[in-house]
Amino acid sequence: MNALTPDRLAQLTVKALERTAFMMADPVAFDPGAFATATRCAVIRYGGPESGIVTLHTTDDFLRGLAANLLGVEPESIDLASYGEDAIKELTNIVGGSVILELGGHECSYTLGLPQLSTSSNGPSQSSQTCCLDCEGHLLFVTWEPVSVPVSLAA
Amino acid sequence: MSCNVLIVDDSPILRKAIKKVVRLSGIEDDRIHEAGNGQEALDILETVWVDLVLLDLNMPVMDGEQFAQELRKRPDLNGVAVVIVSTEANKDRLARLRALGIVESLHKPFEPEDLCKLISKVLGVKQ
């Protein structure tokens, strides 16, 4: 299995943002204080040769920007409870897909679950890799956590 | 282009984003249909002829692979072109889909122009 570094995780997320929502992002240093303000969270689990979880944490403002770019409308017009939450789930799905492709390559035998919203406010664990991105003024935290026991992929 | 396209994806926002790209391919707005899962897609196909299905795989209710299996069982719908637009990377699942005759796929995240090219290629082959 390939290992994912925070730098590579950041590269995969930047590519997902650019291609999906035409948004530019740059890696920045992880700031625990800023992480605490990122109250929007979505997770996706994968299974296969190894299991793991990919988690995105961000803010309402990032969700508005992401959804607005996907739809081609102004951020102020975005309803967070519908399009905002759908946007973070879809970005999580896409980053999760990139992670399993990175881990498995073209002979990939990983299976991805469905993305889910989460209320988790726990910081990254010691076994995880986390990157932090500044995306047009808003912070996005992406965590990849391999797990030693198979995870349920059911939504 | 006088072709009907069906976008099947459980994410409403991604359906809208894909719809924008399909419009750029020259498909008129009223010829672009949307479904949130495989079952909804089959229901639409009962009433509308569709030339191309852009199919996500990981969806609730009926996933994309189950939809493709159902589609291939139906003689009246067997000729509908299907392009996978998904995060799916599992080689076994993609092989099962190829066995159903679904050879074109686009891995998310994709460049919009790649989807445009694929739509033109698939619909061009059919015309």
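This is a predicted model: local features need pLDDT of at least 70, side-chain atom pairs count only at pLDDT 80 or more; totals for chains, interfaces and linings use all residues.

Reader: Noted. How many bridges join β4(B) to β5(B), and do the strands run parallel or antiparallel?
Author: There are four bridges between β4(B), residues 81-86, and β5(B), and the two strands run parallel.

Reader: What's the strand order in the whole sheet of chain B?
Author: The order is β2-β1-β3-β4-β5 in an open sheet of five strands, with parallel pairing. At the edges sit β2 (32-35) and β5 (104-107) of chain B, each pairing on one side only. From one strand to the next, the twist averages 20°.

Reader: And the helices? How do the elements of chain B run from the N terminus?
Author: They go β-α-β-α-β-α-β-α-β-α. That makes five helices and five strands in chain B.

Reader: Where does α3(B) lie?
Author: Helix α3(B), residues 64-73, lies across β1 (5-8), β3 (52-55) and β4 of chain B. Its angle to β4(B) is about 175°.

Reader: Which residues of α3(B) are buried?
Author: G64(B), E65(B), F67(B), A68(B) and L71(B). Down the axis of α3(B) these buried residues fall within an arc of 155°, so they line one face of the helix.

Reader: Why would that spacing put residues on one side?
Author: An α-helix has 3.6 residues a turn, so residues three or four places apart point the same way.

Reader: What covers the buried residues of α3(B)?
Author: The cover includes β1, α2 (38-47), β3, β4 and α4 of chain B.

Reader: OK, α2(B) then. Which of its residues are buried?
Author: G38(B), A41(B) and L45(B) are buried in α2(B). They take up an arc of only 55° around the axis, which puts them on the same side of α2(B). On the other side of α2(B), you'll find D43(B), E46(B) and T47(B) exposed.

Reader: What covers the buried residues of α2(B)?
Author: Among the elements covering them are β1, β2, β3 and α3 of chain B.

Reader: Zooming out, how does the radius of gyration of chain B fit a compact globule?
Author: It agrees: a compact globule with 127 residues would have a radius of gyration near 14 Å, and chain B has 13 Å. The C-alpha atoms of chain B fill a box of roughly 35 × 30 × 30 Å along the principal axes. Buried residues make up 43% of chain B. Of the contacts in chain B between residues at least 6 apart in sequence, 64% join residues at least 24 apart.

Reader: Switching to the other chain. How many helices and strands are there in chain A?
Author: Chain A has four helices and seven strands. Along the sequence, they follow the pattern α-β-α-β-β-α-α-β-β-β-β.

Reader: What's the radius of gyration of chain A, and how does that fit?
Author: Chain A has 15 Å, which agrees with the value near 15 Å for a compact globule of 155 residues. The C-alpha trace of chain A spans about 45 × 30 × 25 Å along its principal axes. The buried share of chain A is 43% of its 155 residues.

Reader: Which strands of chain A does β3(A) pair with?
Author: Seven bridges join β3(A) to β2(A), residues 40-47, and that pair runs antiparallel. β3(A) also pairs in the antiparallel sense with β7(A), residues 138-147, over eight bridges.

Reader: Which residues stand opposite each other there?
Author: R45(A) stands opposite I53(A) in β3(A). On the β7(A) side, T55(A) stands opposite T143(A).

Reader: Is β3(A) mostly covered or exposed?
Author: Mostly covered: six of the eight residues of β3(A), residues 51-58, are buried.

Reader: What does G48(A) do in the hairpin of β2(A) and β3(A)?
Author: G48(A) takes a positive phi near 140°. That hairpin has three residues between the strands.

Technical notes:
Residues are numbered from 1 along each chain as its sequence is written. Chains are lettered from A and ligands numbered from 1 in the order in which they are written. The radius of gyration is taken over C-alpha atoms; the globule rule is 2.2 Å times the number of residues to the power 0.38. A residue is buried if 20 or more other C-beta atoms lie within 10 Å of its own, exposed if 12 or fewer, and partly exposed in between; C-beta atoms are placed from the backbone. Two residues are in contact if their C-beta atoms, placed from the backbone, lie within 7 Å. Two strands pair if DSSP finds at least two bridges between them. Axes are lines fitted to C-alpha atoms, for helices over the stretch in contact, and angles run from 0 to 180 degrees between N-to-C directions. The arc is that of the directions from the helix axis to the C-beta atoms.
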